[in-house]
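Morning, everyone. Let me put the structure up, and then I'll walk through a few places in it.

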Amino acid sequence: MSPKEKETPKLPKEKDVEQKESNSKKKIELPEDELSEEDAALKGELEMLVERLQEDKVELYQPGIDSLKKFIKESTSSMTAVPKPLKFLRSHYDALISVYGKWEDKTLKAELADVLSMIGMTYNESDNKDGVETYKRESLKWRLLGNLKSLNEWGHEYLRHLSLEIGEQYQEDLEFSKEKDEKLFSLALEIVPEFLKHNAETEAVDLLLELESIDKLPQFVDKDTFERVCLYLVSCVPLLAPPDDLSFLNTAFSIYLLQNQLTNALSLAIRLDDEELIRNVFEATDDEIVQQQLGFILGRQNSCFKIDNEKVQQCISNVKISEYFKYLTKELNLLTPKVPEDIYRSHLESSPTSIMNSSMESAHQNLASAFVNSFVNAGYGSEKVVQEDQWIYKTKGTGMLSTTASLGLINLWDNTEGLQKLDEYLYNEQSEIKAGALLGMGLSSTSVHDEVESALLILQDYLSGTEKNVSIITSVITGLGISFAGSEDETVLNLLLPLISDTDISLEVSSLAALALGHVFVGTCNGDISSTILQTLLERESSELTSKWIRFMSLGLGLLYMSKYDQADDVLETIEAIEHPIVKTLKVIVTVCSYAGTGNVLQIQALLQMCTVKPHQDEAEEDEEKDGEKGKESENDKDKEDIDNTTTPENESYQAYAVLGLALIAMGEEIGQEMSLRHFGHLMHYGNSMIRRAVPLAMGLVSSSNPQMKVFDTLSRYSHDQDLDVAINSIFSMGLVGAGTNNARLAQLLRQLASYYSKDRDSLFIVRIAQGLVSLGKGTMTISPFNTDRAILSKVSLASILTVAVTLLDPKSFILDNNSALLYYLAPSIKPRMLVTVDEELNPIKVNVRVGQAVDVVGQAGRPKTITGWVTHSTPVLLGHGERAELETDEYLSLATALEGIVILRKNPDFVEED
């Protein structure tokens, strides 16, 4: 019989033995008679080498260790099986440990420790007997006693095993408050570059995360690995708890800056909201063209960053945004103004509203048409309704104010043209028209700032103290808040701060001033404004704190701490000093604003817990004295409700803000968004009237300008709710979800709702507003707070949408009453969803780009495609939600990593045109 024939029947048995091995380690060594000749020879040779090491012949030690190392390194096996040398040496592990104890030569001991570390991989805590910890992290123990260099020669699997044990050891040291083991860190820092060399960036990052030393990563990253490393770092951020999330962003920022990836570095500096880091990015280059590109990215955030270079400052101040938007609309052939009927398409409605009774042909519906007209033609500078048809006089009272102000939205970003058109209305005798003109001036200069600040010069004169008309004062305040959102303008601060603290003026003016300053200084934690608002809340009468206007003062305070959870503790402590039930609402507002966009799971759990509490449930636990006080204040609430005809006392509305908070926090990451939508369904089922009223608004917040079928179908269902406030908010949220998308399915649903609510004045008004929002800018705009490939959450945009949502928690007290102008707080969130490519002289140029759905390529091997299902277009193009663009050829080099907004292209000197 040949040797091959003898071996053949033994193979299945050997496989069986290996199967048993994987189930339990009791039988690692194969029986002698079942080994193949080759394996038996290997086993004999290894046993002979172990015997040599146990003898007294010192000269045989080095060759013996070298041979053992050679066998281990050269051994190969399948992914699931233990290499044979390790399998055969396992039974000699204890013998080799005793040899190590006897030897005195440090060099030899270190080399033997290397071998023991390798064999130690086959042992774990399950091998311990009688509860005695004989074997624990053996690989790491012997590696620390051996050589810390040349780890790559032992193979990738060994390094992965070692990094696992390093993490476990570090966590154990932390648990028992042991001192930092420098040797452990040195070993980890040897492993990290090996991981990076072999495309295991995720394991390198995870190891440093375990050791809380992610800041050590930049020194190991080079031009070949930085892209994948940073992509993984940034993708981990939503899943990390503070302060790890910030340290990951800082590390990615450092790497991008070292690799001269300035646009990526800038987007992280914006996320970190650190002006010093933004300045570092600008100072990292002397190239004015690159700085202008950085300026365009900052401009999308309504940044207040200042730089000496005038050309770059113009890019930051959005001076040219109107010019580029009008170029886009000209190329897309959208210059012809639309009228509200183009949007309503009444002939398609099942019972056209034109056949309504005369009472419905009211000033209220004319006001709705003015809003629709302004939303549809926003930024175009031309329209056919308000100026040509004297539409202002077809509305009444505060409706005239909103209609006049709509001209400002039509001239959005074009303050020169906007101020000229509105100037004539400043001399009108009717105070509402004058107030509307002032608000419109603020609207037209939204997000656009120059050295003159013409709008500010005109508006500030009306706050000098001589003006007594409340509607004019509030319009000026709102105009300033919208125009200078995110600008941190000191002049506006000096104008409005005294209005907050003055207890002699009406609470309406004080509250709107606080809200305006909240927008101007959003996310800055400005101490002066915070202390002034808190002091005012302490000084105001208890009965005033139940007013419907107080929500805007509370929101103004919250906006100051937008996404600044690490700095909100002090203000939350101060709020406790206010002896009024409003404290609960205030704390919720400040907390949810401070965690906006973080995806913090603990905060979401706390808010859900808050939503399950029934109103007054916890009052029974308070002492008698507090009960008495609350009793008095609830009487005040009832009185106030009778006077204002409002529905929700401010001190009981904290649950509604908690629901909005769920949307604010969860929007930071995609899984959180999905989960929140499911929770909203539960809250709608089991919540009280306040919670149910807030749920549709929260759904609109979390999906703004992202018309997912499941979201707007759910909202469509809620729009027929028995509670009219829930229905109204659902209809408005349908507008938010489809804002600027021209979504045909949504437009059809809204037309059906217009027929359904044709006899209900208020509901029809909101349907019209929603129809206008869906056609925002004729489908060229978005109100999504995310930009730059969804990497940056714009605080200004988020504050705008949140303000309108808070207003609609009580729709009949504001939007449907005499304060419809508050809808214009949406203006700072409106941005064109365009890609315009320009040359180095900032003149538009046409290039071919591929536009497709963005693909998440984090951790994928090789260089996968970042978009799928693309279509080739010539710029300028519109980008939908979740879409990404890339250049078709290498003829031009893009100065921005994400092709979005205004992108500067530079001729590629190495480009060779194909024949």
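Leaving aside neighbours within four places in sequence, which residues is T780 in contact with? Keep that in mind while I say what we are looking at. This is a predicted model.

Now, T780. The contacts are F325, L328, L334, Y380, G740, P832, R833 and L878, once neighbours within four places in sequence are left aside. T780 sits in the loop between helix 40 and strand 1. Buried or exposed? Buried: the relative accessibility of T780 is 0%. Its side chain also reaches back to the backbone oxygen of G777, at 2.6 Å.

K778 is not a glycine, yet its phi is positive, about 55 degrees. Most residues other than glycine have a negative phi. K778 has a relative accessible area of 6%, so it is buried, the cut-off being under 20%.

There is another positive phi to look at. W413 has a phi of about 70 degrees, and it is not a glycine either. Find W413 in the loop between helix 21, residues 398-410, and helix 22, residues 415-423. W413 is at 2% relative accessibility, so it counts as buried.

Next, the sheet. One of the contacts of T780 was L878. L878 is in strand 8, where it is the bridge partner of M834. Strand 5, residues 834-838, pairs with strand 8 in the antiparallel sense, over 2 bridges. Which strands make up the open sheet, and in what order? There are 4, in the order 8-5-11-10, and the pairing is mixed. The edges are strand 8, residues 877-878, and strand 10, residues 892-894; each pairs on one side only. Helix 18, residues 321-331, packs on this sheet.

Other strands now. Strand 6, residues 848-854, has two pairings to show you. Strand 6 runs antiparallel to strand 7, with 6 bridges joining them. V851 has V871 as its bridge partner in strand 7. Strand 6 also pairs with strand 9, residues 883-887, again in the antiparallel sense, over 5 bridges. There, V849 stands opposite L887.

On to peptide bonds. Most are trans. P876 is in the loop between strand 7, residues 867-874, and strand 8. P243 is in the loop between helix 12, residues 226-236, and helix 13, residues 244-258.

Helix packing. Take helix 37, residues 709-718, and helix 38, residues 724-737. Their axes come within 8 Å and cross at roughly 155 degrees. Angles over 145 degrees count as roughly antiparallel, so that is what helix 37 and helix 38 are to each other. The crossing of helix 37 and helix 38 is left-handed. Who meets whom? From helix 37, we have V711, F712, L715, S716 and Y718. Facing them in helix 38 are V726, A727, S730, S733, M734 and V737.

Now helix 8, residues 138-145. Of its 8 residues, 6 are buried, so helix 8 is largely enclosed by the rest of the structure. The buried ones are E138, S139, L140, W142, R143 and L144. What covers them? The cover includes helix 6, residues 93-102, and helix 7, residues 106-119. It also includes helix 9, residues 156-175, and helix 10, residues 182-197.

Last stop, Y462. Y462 lies in the loop between helix 24, residues 454-460, and helix 25, residues 470-483. Y462 has a relative accessible area of 16%, so it is buried. Not counting residues up to four places away in sequence, Y462 touches L426, K434, L438, E467, I472, I473 and V476. The C-alpha atoms of Y462 and S475 are separated by 9.9 Å, and the two residues are 13 apart along the chain.

That's my tour.

Note on methods: Residues are numbered from 1 along each chain as its sequence is written. This is a predicted model: local features need pLDDT of at least 70, side-chain atom pairs count only at pLDDT 80 or more; totals for chains, interfaces and linings use all residues. Side-chain values use heavy atoms; hydrogens and water are left out. Two strands pair if DSSP finds at least two bridges between them. Contact means heavy atoms within 4.5 Å. Axes are lines fitted to C-alpha atoms, for helices over the stretch in contact, and angles run from 0 to 180 degrees between N-to-C directions. Buried means under 20% relative accessible area, exposed over 50%, partly exposed in between (1.4 Å probe, protein chains only). A polar contact is a pair of N or O atoms within 3.5 Å; within protein, one must be able to donate a hydrogen and the other to accept it, and residues adjacent in sequence count only if both atoms are side-chain atoms. Angles under 35 degrees count as roughly parallel, over 145 as roughly antiparallel, 65 to 115 as roughly perpendicular and the rest as oblique. A crossing is left-handed if the near helix is turned anticlockwise from the far one by less than a right angle, and right-handed if clockwise.
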